[in-house]
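Here is a short briefing to read alongside the model. Take a look at the coordinates, and then walk through the notes by topic.

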Amino acid sequence: MRRLKVFKSLLIDSLDVITHGSRKYHLWMGFLTFVMLVGMYCYSIQLDQGLSVTGMTDRVSWGLYISNFTFLVGVAAAAVMLVMPTYVLKDIDFKQAVLIGEGLAVAALIMCLAFVVADMGGPSVLWHMIPGIGVFNFPNSMLTWDVIVLNGYLFLNISIPYYILFRHYQGKDANPKIYVPGALISVFWAVSIHLVTAFLYQGLQARPFWNNALLGPRFLASAFAAGPALIILVLAIIRNYTAFKVENKTIGKLAMIVTVAAQINLIMLVSELFKEFYAPTHHSESAYYLFFGLHGKNALLPWIWTSIPLNVLATVLLTFGKFRNNFKVLYFCCFILFVAIWIEKGFGLIVPGFIPGPYGKIAEYTPTGVEIGVTMGIWALGAFVFTILAKTAIKIETGKLRYKKKDSQ
Amino acid sequence: MSENNTKWFSLNLSNSKPKQQASTCGCGNTSGGCGGHQNEIRSSAIGDERHKDGFEQVFDVQMDRRTAFKKLTASLLIGAGAVTTSCSVVADEKSKEKAQIDWEEQFKGNYKLMSDEEKKATVDRLVRSYELRTNKTISMTSENAQENVLFGYAFNISKCQGYMDCVSACVEENNQDRNSEMQYIRIHEMKDGQGLKFDEADDNYYHEVPAEGHFYLGTQCFHCDNPPCVDVCPVQATWREEDGLVVIDYDWCVGCRYCMAACPYDGRRFNWSKPEVPEDEVNKNQHYLGNRMRKKGVMEKCTFCVQRSRKGQNPACVDACPTGARIFGNLLDPNSTIRWVLENKKVFRLKEDLGTEPKFWYFMD
């Protein structure tokens with residue numbers, strides 16, 4: 001009973017927290033709400049007219065939505081980079097940042113689910129996928145595995161921070177015996193969400209561009225570069241705008257993780273390029289299309305040739321401790337690395353899988369305005385969710401939000 | 001009237017409940033043939049409506065709603081979207097029967113797992129629904145696969161001249177969307193002397209055929225014995241039937257298009273918008289798994305014309321081919337033409353290295 005009371009009070013208090021803030025905060029939230037509304041309007045057009053309002057066709061049947069989904073799974077998985085050392089290795093440096101990381105994971109997962117739903121032809125019959133009521137084709141379909149791991153990871157990333165914050169809210173310490181096992185599971189789980197998402201593509205013999213044993217490991221490497229890079233950027237913003245203390249050491253360690261992951265990612269990229277271009281076979285055509293264009297069709301060239309130099313530049317800069325420890329350079333590197341991997345793991349990965357088609361037909365894909373609108377709306381939704389989560393968490397962690405504190409004042 | 005309804009079977013007529021309260025279902029889930037008593041329902045229903053001069057029908061409880069409400073209870077917990085769809089239908093103050101059919105259709109199960117009675121019930125509902133909407137009667141069956149039948153197909157590359165009569169016949173037979181010009185069959189025009197170079201072939205030609213120095217090869221769904229598309233479907237909305245046909249339950253498909261990505265043969269098509277067929281061109285001889293009208297946002301594909309093949313006929317493409325390049329039959333019948341072709345010709349299949357075991361062979365004279 002008491003818990004319910006505390007929970008109610010927490011809800012009311014956090015509602016209070018998220019509706020009050022500086023002018024900048026209100027502008028930010030207003031902006032996000034506006035983008036979300038535009039996204040919802042675009043989605044209503046899509047619901048009304050069907051997916052024909054997107055750039056997708058029978059030839060390229062997955063596009064911007066699934067690209068963003070794939071990338072964001074990686075961002076979500078990256079929370080583990082903070083969870084592991086903090087809870088398991090008892091590294092105190094990350095303790096402050098870990099709640100932020102998990103909040104980021106929650107926001108990314110919500111975006112993932114939103115992108116999948118946006119991509120569905122029949123969102124009104126999605127209940128067909130619910131085990132027990134519908135038919136859940138487990139274990140045959142990798143998509144069902146993905147549903148399980150994504151929702152499981154979402155649950156873990158909500159429950160662990162919730163428990164900790166709930167305790168702190170009451171002015172009590174969180175009991176490690178309760179949250180450490182959960183944290184341990186989420187470490188394995190994070191690897192699995194990205195690996196399973198990679199298997200979604202990797203398991204298709206119809207698409208040689210994806211049917212490649214390196215796809216899964218490369219997903220992991222790029223995720224563990226892009227995810228912590230985003231966390232660094234977010235921490236930098238939080239450090240600037242709130243009273244939340246993030247030590248330099250924490251960011252330094254995260255930068256180390258980003259660097260190693262980016263290096264491994266680059267090695268794998270070289271390995272992939274070697275395989276595709278040293279002895280090109282019929283199966284290398286998608287890679288040719290992506291990097292050089294095929295038969296005059298070259299829509300992806302500007303994207304991939306933005307991504308690769310940014311990726312290399314960021315990795316090289318980060319490799320040198322002198323640059324990495326300079327926070328201005330670090331933030332710049334993190335930003336360009338994030339963009340590079342978004343392109344590479346987004347439509348640099350999904351679209352070429354369909355081009356050329358099963359019989360060599362080359363039909364290009366360009367997202368439409370409606371599609372871009374929905375995509376931006378979902379990103380705004382993610383940012384919105386994260387802002388709310390982070391603001392509440394920070395208030396609790398800095399001791400400003402406490403149960404019954406208001407009554408005593 | 002109900003253009004914004006997401007279902008294809010938007011009903012334009014308002015009808016009162018059917019008179020047959022003794023029957024087990026709103027559309028007549030009786031064991032008798034539906035054709036006869038449906039006419040009766042329609043005429044009386046329309047009469048009723050006019051008599052009442054409005055939509056004040058009584059929401060009569062019929063037996064089959066048990067299933068519907070069982071599912072409703074479950075779905076209320078999860079399917080906000082689904083509930084909204086159904087609710088909006090009710091809110092439209094359309095006839096109760098229409099609402100009930102839509103409701104039951106929204107929450108029915110997967111066709112693959114239905115008993116024969118349930119299959120018949122849904123077919124009857126769909127027929128009734130079409131009747132309410134257009135005032136026209138269609139015939140739809142839910143025939144199951146016959147024993148000792150395994151369908152196979154052979155394509156004679158020497159004979160095909162690229163006339164594309166098969167494509168037109170297929171579109172007409174299978175009620176494909178006319179706006180997007182969806183076609184299950186693709187005819188690839190290839191250059192003589194270069195072998196099967198699909199990447200240099202043209203599958204979208206507009207000129208007189210046969211073009212000098214070219215030969216033609218058709219592809220469609222190969223109805224693989226080991227179909228990659230079936231494994232990947234998260235809801236088992238597509239499966240391989242006992243007679244080898246790979247089919248889709250259009251009402252169970254959630255539209256994720258994973259099967260499309262998994263198909264190595266470009267055999268699947270998606271309804272990007274609401275499919276439309278002019279009323280007078282609709283083929284009214286339908287099968288639940290075959291050429292019945294689809295809705296927006298679901299997959300579809302060649303079914304070897306299940307509505308014909310299970311009645312012992314050839315698929316429309318086979319009958320339409322003017323050169324006799326297409327051969328269809330029962331692989332388990334030792335006297336069938338397809339067996340003769342397989343035993344006497346040098347046959348091959350496409351992308352055999354993928355292990356999909358297509359039941360579609362190519363050969364040359």
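A residue is called buried if 20 or more other C-beta atoms lie within 10 Å of its own, exposed if 12 or fewer do, and partly exposed in between, with C-beta atoms placed from the backbone. By that count E357(B) is partly exposed, because 13 other C-beta atoms lie within 10 Å. This is a predicted model, in which local features need pLDDT of at least 70 and side-chain atom pairs count only at pLDDT 80 or more, while totals for chains, interfaces and linings use all residues. Residues are numbered from 1 along each chain as its sequence is written, and chains are lettered from A and ligands numbered from 1 in the order in which they are written.

**Chain B and its domains**

- Chain B has 11 helices and 11 strands; helices (H or I, at least four residues) and strands (E, at least two) are DSSP runs, numbered from the N terminus.
- Of its 365 residues, 49% count as buried.
- Two residues are in contact if their C-beta atoms, placed from the backbone, lie within 7 Å. Among contacts in chain B between residues at least 6 apart in sequence, 67% join residues at least 24 apart.
- Nine residues from domain 1 of chain B and nine residues from domain 2 of chain B make up the contact.
- On the domain 1 side, helix 5 (residues 116–134) of chain B gives the largest share, four residues.
- That side of domain 1 of chain B divides into three nonpolar, two polar and four charged residues. Here Ala, Val, Leu, Ile, Met, Phe, Trp, Tyr, Cys and Pro count as nonpolar, Asp, Glu, Lys and Arg as charged, and the others, Gly among them, as polar.

**Where chain A meets chain B**

- The contact takes 39 residues from chain A and 46 residues from chain B.
- On the chain A side, helix 2 (23–49) and helix 6 of chain A are the elements that give two or more residues.
- Helix 6 of chain A supplies the largest share of that side, three residues.
- The chain A side is made of 18 nonpolar, 16 polar and five charged residues.

**A helix pair in chain A**

- Two packed helices are described by the angle between their axes and the distance between the axes.
- For helix 5 (residues 95–119) and helix 6 (residues 142–169) of chain A, the axes come within 9 Å and cross at roughly 145 degrees. Axes are lines fitted to C-alpha atoms, for helices over the stretch in contact, and angles run from 0 to 180 degrees between N-to-C directions.
- Residues from helix 5 of chain A in this pairing include L99(A), V106(A) and L113(A), and those from helix 6 of chain A include L150(A), L154(A) and P161(A).
- The residues of this helix contact divide into 12 nonpolar, two polar and one charged.

**The largest nonpolar core**

- A nonpolar core is a set of buried Ala, Val, Leu, Ile, Met, Phe, Trp, Tyr and Cys residues joined through C-beta atoms within 7 Å.
- The largest one has 203 residues, and A76(A), V258(A) and L337(A) touch the most other members.
- Helix 5 of chain A contributes its largest share, 15 residues.
- Domain 1 and domain 2 of chain B each give this core at least three residues.
- Leaving out residues up to four places away in sequence, V258(A) touches A225(A), P228(A), A229(A), I232(A), L318(A), C334(A) and L337(A).

**Around F354(A)**

- F354(A) lies in helix 14 (residues 347–354) of chain A and counts as buried because it has 29 C-beta neighbours inside 10 Å.
- Not counting residues up to four places away in sequence, F354(A) touches R59(A), V60(A) and S61(A).

**Backbone details worth a look**

- Most residues other than glycine have a negative phi, and most peptide bonds are trans.
- The I355(A) to P356(A) peptide bond is cis, with omega near -5 degrees, and P356(A) is in the loop between helix 14 and helix 15 (369–397) of chain A.
- The V209(B) to P210(B) peptide bond is cis, with omega near -5 degrees.
- K351(B) has a positive phi, near 50 degrees, and sits in the loop between helix 11 (337–344) and strand 11 (360–363) of chain B.
- E357(B) also has phi near 50 degrees and is found in the loop between helix 11 and strand 11 of chain B.

Notes:
Domain bounds come from an automatic or database domain assignment.
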